[in-house]
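Student: I have a chain here that I would like to go through with you. Could we begin with how its strands are paired?
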Amino acid sequence: MPTAHGDNSPDHVRWLNAHYDAATTSEGGSLLARLRNAFLDAGCDPDHLSVDEVAGIDQLHLGGRRASRSLAAMGELQGGERVLDVGCGTGGAGRLLAAEYGCNVVGVDITAAFVEVASWLSTATGLADRTRFLCADAASVPLAPDSVDRVWCQHALMNMPHVPRVLAEWQRLLAPGGCVLLHEVVAGDNPEPLALPVPWARTPATSHLRSREQLERAMALSGFEPLRVGDVTEAALAWRQERSRRESRPDGAIEKGHGLPGPEQIFGEVFPSMGGNLRDNLAAGKVRILEGVWRCSS
């Protein structure tokens, strides 16, 4: 799960770093060093990696690369377009958009360890010429006005307590006629408390879920016109159920069955519980997954 929260207060940044870079604190060593060692242990050269080898750690949202391709198709991405990936995490979506759609991508994330890893993985996979990454708050991105054609955001708004500030920044950054491509976790109809921890939060303090209606209203009030919006919860649940089955295997293999690094190298030993709770929250209707495209109407 990516982080780009729209609230740069020291406490909030500390909470998010404690969540997303928790394994660094508990196990020692930087996230970059631990991941490089994990690839070495898997028999890979950490300076020359394939997109398949990094798939287990480069897209930390529900649906993985499949969900990113679905969102790209919905948004009708074109080669050469300038894309801002908000809450880029380890940069997998940006690399996919660069490699498969010919986009030029800038990723932004508040967690410095993610930005460091994203830059390394882009270099290692040969995609550094079309991707770059910034450590910054989503509500204050160091880019010029009208400098991007698309804003891309997957599973990041639920970490942002002040979404209107972030949406205002998207309006500033988007060129006329630009679009927002969003794949987001929203609150479901079941009002019972979430089973925690989940991939985006260990406690309620860093979870800022909104209902679909609240999110769509915020988008409208910020000047975004919906073009295509759909609920993809069932597909997300099926994907999470299959992942939970794989994660329960003795070898913990995620992608190809060869012991390649996966989310547990980022989140630590608690990740299987996070994944299981997310599956259960989806199944119980406590959360839902929204996919959509909005056009900048101003």
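Tutor: In this predicted model, strands β1 (residues 82-86) and β2 (residues 104-109) run parallel and are joined by five bridges. Strands count as paired if DSSP finds at least two bridges between them; helices (H or I, at least four residues) and strands (E, at least two) are DSSP runs, numbered from the N terminus.

Student: Which residue in β2 stands opposite D85?

Tutor: That residue is G107. On β4, D85 has W152 as its bridge partner.

Student: How many bridges pair β1 with β4?

Tutor: Four bridges pair β1 with β4 (residues 148-154), in the parallel sense.

Student: Why is β1 described as largely enclosed?

Tutor: Four of its five residues are buried, so β1 is largely enclosed by the rest of the structure. Buried means under 20% relative accessible area, exposed over 50%, and partly exposed in between, using a 1.4 Å probe and protein chains only.

Student: A change of topic: where is N159, and is it buried or exposed?

Tutor: N159 sits in the loop between β4 and α8 (163-173). N159 is buried, with a relative accessible area of 0%. A polar atom of its side chain lies 3.2 Å from the backbone oxygen of W200.

Student: And α10, which of its residues are buried?

Tutor: In helix α10 (residues 233-247), the buried residues are T233, A236, L237, W239, R240, R243, S244 and E247. Seen down the helix axis, they fall within an arc of 165° (taken from the directions from the axis to the C-beta atoms), so they line one face of α10. E234 and A235, on the other side, are exposed.

Student: What do the buried residues of α10 pack against?

Tutor: They pack against α5 (64-75), β6 (224-231), α12 (271-283) and β7 (287-296). Contact here means heavy atoms within 4.5 Å.

Student: What about the chain as a whole?

Tutor: The chain has 12 helices and seven strands, and 57% of its 298 residues are buried.

Notes: Residues are numbered from 1 along each chain as its sequence is written. This is a predicted model: local features need pLDDT of at least 70, side-chain atom pairs count only at pLDDT 80 or more; totals for chains, interfaces and linings use all residues. Side-chain values use heavy atoms; hydrogens and water are left out. A polar contact is a pair of N or O atoms within 3.5 Å; within protein, one must be able to donate a hydrogen and the other to accept it, and residues adjacent in sequence count only if both atoms are side-chain atoms. The expected span of a helix is 1.5 Å times one less than its number of residues.
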